[in-house]
Structures are given as structure tokens and as C-alpha cells.
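Please open the model in your viewer and keep the selection panel at hand. The stops below say what to select and what is there.

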Amino acid sequence: MSTTTPDDDPLSGFDSRAVRAGHVRTAEQENAEPIFPSSSFTFESAAQAAARFSGAEPGNVYSRFTNPTVRTFCERIAALEGGEAAVGTASGMSAVLATTMGLLKSGDHIVASRTLFGTTLSLFTKYLPRFGIDVSWVGLSDYDGWAQAIRPQTRMLFAETPSNPLNEVADIGRLAGMARDAEALLVIDNCFCTPALQRPLELGADLVIHSATKYLDGQGRCVGGAVVGDAQRVGEEVHGFVRTAGPSMSPFNAWVFLKGLETLSLRMQAHSRNAQQVAEWLAAHPAVERVHYAGLPGHPDHELAGRQQAGFGGIVAFEVPGGREAAWHVIDQTRMLSITGNLGDAKSTITPPATTTHGTISDELRAAAGITQGLIRVSVGLEDPVDIIRDLERGLSGLPSCR
Ligand SMILES: *Cc1c(COP(=O)(O)O)cnc(C)c1O
């Protein structure tokens, strides 16, 4: 649609798009993006109302499906991921829901990685089967498993890479090839990397999902989500579901996410740098059994992550021997880290996944996802790493050495 060539596009670089894409100045000539807290928009005439409602004339109608601030956010995240269209949603979970409801029907089949976000696991096991959509579970990088699980009814391959919380990584290009052969869509939840570190559409994925709640906001303020992809599937079909069912992004939240996107690259680099330091310190600690961070050479996906991502991200998980009691001890001794399930915040957060983010799934699924009782997840924030490390040391120093 665009007629500009890369040479004359004033926003040719990623960071320029992160700061400016999608904002069209109003007659007020504002420099910062305005918030439009208006539930509906007016028309010049009854004829214009009819044209806007039918879609014959583009323009604002009603903020469940057309809001200028939300549109600015959608254009910006689409520009960053390299997609033709994006839909803003009320949460990351409603982005997942809108993707499945907008694109699948009863009788269709999904193949999904076992290591999905806990609530996505619940949606796929508890609710989708009620509507005749079956899900098969495979190991994230078990490519034979993916191939064997694909059936004639398979319409979607769904993966999160890197995975939460163990930082396992899948080869997106390889999964995209399998999806193409099966005439299915590859959907990647890009929450952990964000487009600053990884752009799944460029690697062959069809759709990207975001929980904007995490790094896109970056300061733990608002809940929201996004789906990015092509004009037909996302711009028409997923948008059609959101417009009809109503899990829409609020204009205020869209504005907060726009402000977050302006600093996305800088933040993701700083999160990655701090996480690397924390992970290396944990790996050398005698009371720590195992560290799951792809930036460590010993991580099974270190090489693939280095190739596929522009950084290893801000999430570090580690295991202490002694199960739940030991994990809770480490968490309870912290004085700076926030004990909360959220991630992707400037503030470092700490949580035991087995009893929080992955607490409501079955013991079987939890074990298959590798979530042990002694596992601790830290979303490494933007504080001084020395203070993050000191906070973890308070609890770890009271645990027996396991070396
Ligand atoms: C948080 C999260 C979600 C869900 O997003 P909400 O905004 O909490 O609804 C989905 N996927 C991943 C990887 C997440 O971390």
C-alpha cells in the first residue's frame, strides 16, 4: 500500500519507528500523541454515518473498534514487528483468544508447545475443547513431535519462544516450514523478546501475539495485548472478532504502551545486560542447582538463541534444592525485589512459578513444562545489578551448598 521507498521513508530504522510510527498530528500540532477518551465519534451527516458504519468510508465510529489512540498503537507495533496490520486487545489473553476465535472453527486442531504461559495452557485445555477445537501438546524443540502431532485438521501451530520461565528456544524458521507444509498458521507469542530482540514474521511466522502488559509497557502500569500479521487474517478476521466480542484496548492504555515503545530498544538491551550479570552470578553460587538463561553457554539453546535473537532477554529462572520451602525462603528474604507474578517491569520481580503463574494447571502439565517446586523466576529489572544480586544472596546464603 505504501509508495515510499526505503530511501525516502523518514522512519527507516527500528528505533525511529518505535518513537514515531503511527502518529498523525491533529490540527493542534501536538508533539506527543494525544489520548482520545471518546466512546463514539460524530458524522457530518446521516449519509456519512451510513458510509462509516458499512465500512465504505474509512474513519472513526465507536471505540470498541475504531479509536485514534489505539490505532496509533496498532500501527506502531505493526511497523516494529514488520506486519501489515495489528489489533489491540484488552489483555494478552484476549489477544490469544481473539486469534483462536477469529481464525479457527469447531473441528480444527492446534499443535502447541507444552511450555506455554500458564493461562494460555488453561485456555487451550479447559475452554477451547468445549467449542470443538482440539489441542495436541509437544515439546518446544521436539521437531519430530511437532511433525507427528500434525493432522489433516491442524490449522495452527502455536509456540512461545523463548519459553516462560525456562528460556527454551524453538527454531522459528523450522516451525514455519512445517506450518507451510501442513497449510497451517504459525503463531508465535513474542512476549519475552519483543520486536526489539526478535521479529518472528521475518523468520516466517504468520502471526505474532503480545502481552503488552509486559515489556511493551515496561513499567508495570497497564494490562493489554496485541496481534500482528497480515491485512486479511489480522486486519479483517481477528479484528472482526474483537470488534464483535469486545475485548478491546482502552485509549488510555494504548497511550501508555505508545510511551513504552519509545524506549523499547534501550530497555531490552539493559534488561538483557543485567540479566546476564545476574545469571552468571547465580550459576557460580554453591546453593543454586541450575540456572535457566539462554545467555549462559551451558544452556541447551544458547547457540540457537544467539542466532535468532538480538539479545537473551531479561528473564532468569533458577532452581534451588529443597523444593518449595527453600524457594519460598529465598523469595521471602528479599527486601528490594517485588514478589509478584508480573514480568517485564523496570522493577525486578520474583515469583515461584509452581505455586503462582503455573499454579492452576494439572500436576502432569506442570511437570511436563519442567516447573519444579524449587524453581524461582526473576524478571531482571533496571535497578543496579549489584542490588539485585545482594537481594538474592540474602536468602541463598542461608541454604546448604549443593556442590
Ligand atoms: C502475561 C503473558 C500472557 C498473557 O498476557 P496478559 O496481559 O496477562 O493477559 C501471554 N503470554 C505470555 C508469554 C505472558 O507472559
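The tour goes from the cores to a pair of helices and then to backbone details in loops.

This is a predicted model, in which local features need pLDDT of at least 70 and side-chain atom pairs count only at pLDDT 80 or more, while totals for chains, interfaces and linings use all residues. Residues are numbered from 1 along each chain as its sequence is written, and side-chain values use heavy atoms, with hydrogens and water left out.

**The cores**

Begin by selecting Phe 73, Ile 77, Leu 216, Val 228, Leu 261 and Leu 264, which have the most contacts inside the largest nonpolar core, a set of 32 residues. A nonpolar core here is a set of buried Ala, Val, Leu, Ile, Met, Phe, Trp, Tyr and Cys residues joined through side-chain atoms within 4.5 Å; buried means under 20% relative accessible area, exposed over 50%, and partly exposed in between (1.4 Å probe, protein chains only). Among the elements that each supply at least two residues of this core are helix 1 (14-20), helix 3 (68-81) and strand 7 (225-229), where helices (H or I, at least four residues) and strands (E, at least two) are DSSP runs numbered from the N terminus. Helix 3 gives the largest share, six residues.

A second, separate core of 30 residues can be found by selecting Leu 104, Leu 116, Ile 133 and Leu 207, which are included in it.

**Helix 4 and helix 5**

Next, select residues 92-103 and 118-127. Which residues meet between helix 4 and helix 5? Met 93, Val 96, Leu 97 and Thr 100 in helix 4 meet Thr 119, Thr 120, Leu 123 and Phe 124 in helix 5.

**Loops with backbone details**

Move to the loop between strand 4 (154-160) and helix 7 (172-181), where Pro 162 lies; a cis peptide bond, with omega about 0 degrees, joins Thr 161 and Pro 162. Pro 165 is found in the loop between strand 4 and helix 7 as well, and the peptide bond from Asn 164 to Pro 165 is cis, with omega near 0 degrees. Asn 167, also in this loop, has a positive phi near 60 degrees, and is buried at a relative accessible area of 1%.

Finally, select Glu 183 in the loop between helix 7 and strand 5 (185-189). Glu 183 has a positive phi of about 55 degrees although it is not a glycine, and is exposed at 67% relative accessibility.

Terms used:
Contact means heavy atoms within 4.5 Å.
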